[in-house]
Amino acid sequence: MKKVIIAFAIIAISSSSAFSQTATPATTTATTSGDDRAVSSAKKIQQELGLTDDQYNKILAVNIECAKRRDALKASGQTGHEAFKPIMDYREQQYATILTTDQAAKLKDIEAQEREQRKASHSQSNSGE
């Protein structure tokens, strides 16, 4: 009978410690609100491209609109590149009217570098499995 109680205690302790793990950065970013992501993205673009206050406010408005559209799609269960493509196209069109040609070119370069970094980190994480 003591062995059963000890075994039960060990199982209870080990399972409770598994549930007490802290959230990883990946799970915390998934719960970030659309408005928070929009502000963060606009600030990053402002810093990297040297936006004027007027440009920043316009970029922020576009980002908020896109975040709301993305959140609505996710809530309705639509996922995948095709579902989000109209939102990305809208964002590009709006940015083209707000940014100068030099700023738009620099943003494209930055986005291309970030895509490459994501691909590289994604392939590294998959090769380790």
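User: Which residues does Asn 63 touch, leaving out those up to four places away in sequence?

Analyst: In this predicted model, Asn 63 touches Ala 38, Ser 41, Ala 42 and Tyr 95. A contact here means heavy atoms within 4.5 Å.

User: What joins the side chains of Asn 63 and Tyr 95?

Analyst: A polar contact of 2.4 Å. That term stands for a pair of N or O atoms within 3.5 Å; within protein, one must be able to donate a hydrogen and the other to accept it, and residues adjacent in sequence count only if both atoms are side-chain atoms.

User: Is Asn 63 buried or exposed?

Analyst: Asn 63 is buried, at a relative accessible area of 6%. Buried means under 20% relative accessible area, exposed over 50%, and partly exposed in between, with a 1.4 Å probe and protein chains only.

User: Where does Asn 63 sit?

Analyst: In helix 4, which covers residues 53–75. Helices (H or I, at least four residues) and strands (E, at least two) are DSSP runs, numbered from the N terminus.

User: Which other residues of helix 4 are buried?

Analyst: Among them are Tyr 56, Ile 59, Leu 60, Val 62, Cys 66 and Leu 73. Helix 4 has 23 residues and reaches 33 Å from first to last C-alpha, close to the 33 Å expected at 1.5 Å a residue; the expected span is 1.5 Å times one less than the number of residues. Just after helix 4, Gly 77 takes a positive phi of about 90°.

User: New topic: how many salt bridges does a search of the whole structure find?

Analyst: Six. A salt bridge is a side-chain nitrogen of Lys or Arg within 4 Å of a carboxyl oxygen of Asp or Glu. One of them pairs Lys 44 with Glu 114, with the closest N and O atoms 2.4 Å apart. This pair links distant parts of the chain, since Lys 44 is in helix 3 (residues 34–49) and Glu 114 in helix 6 (residues 101–127), 70 residues apart.

User: Which salt bridge involves Arg 91?

Analyst: Arg 91 meets Glu 111, at 2.5 Å from N to O. The pair links Arg 91 in helix 5 (residues 81–98) to Glu 111 in helix 6, 20 residues apart.

User: And what does Lys 58 pair with?

Analyst: Asp 54, through a salt bridge of 3.3 Å, N to O. Lys 58 is partly exposed at 42% relative accessibility, as is Asp 54 at 46%.

User: Zooming out, what is the secondary structure of the protein?

Analyst: Six helices and zero strands. Of the 129 residues, 19% count as buried.

User: Where does pLDDT stay under 50?

Analyst: Over residues 17–29, for which the model has one contact beyond four places in sequence. pLDDT is the predictor's confidence in each residue, from 0 to 100. The protein averages 82, and 74% of the residues score at least 70. Where pLDDT is low, the predicted coordinates should not be read in detail.

Key. Residues are numbered from 1 along each chain as its sequence is written. This is a predicted model: local features need pLDDT of at least 70, side-chain atom pairs count only at pLDDT 80 or more; totals for chains, interfaces and linings use all residues. Side-chain values use heavy atoms; hydrogens and water are left out.
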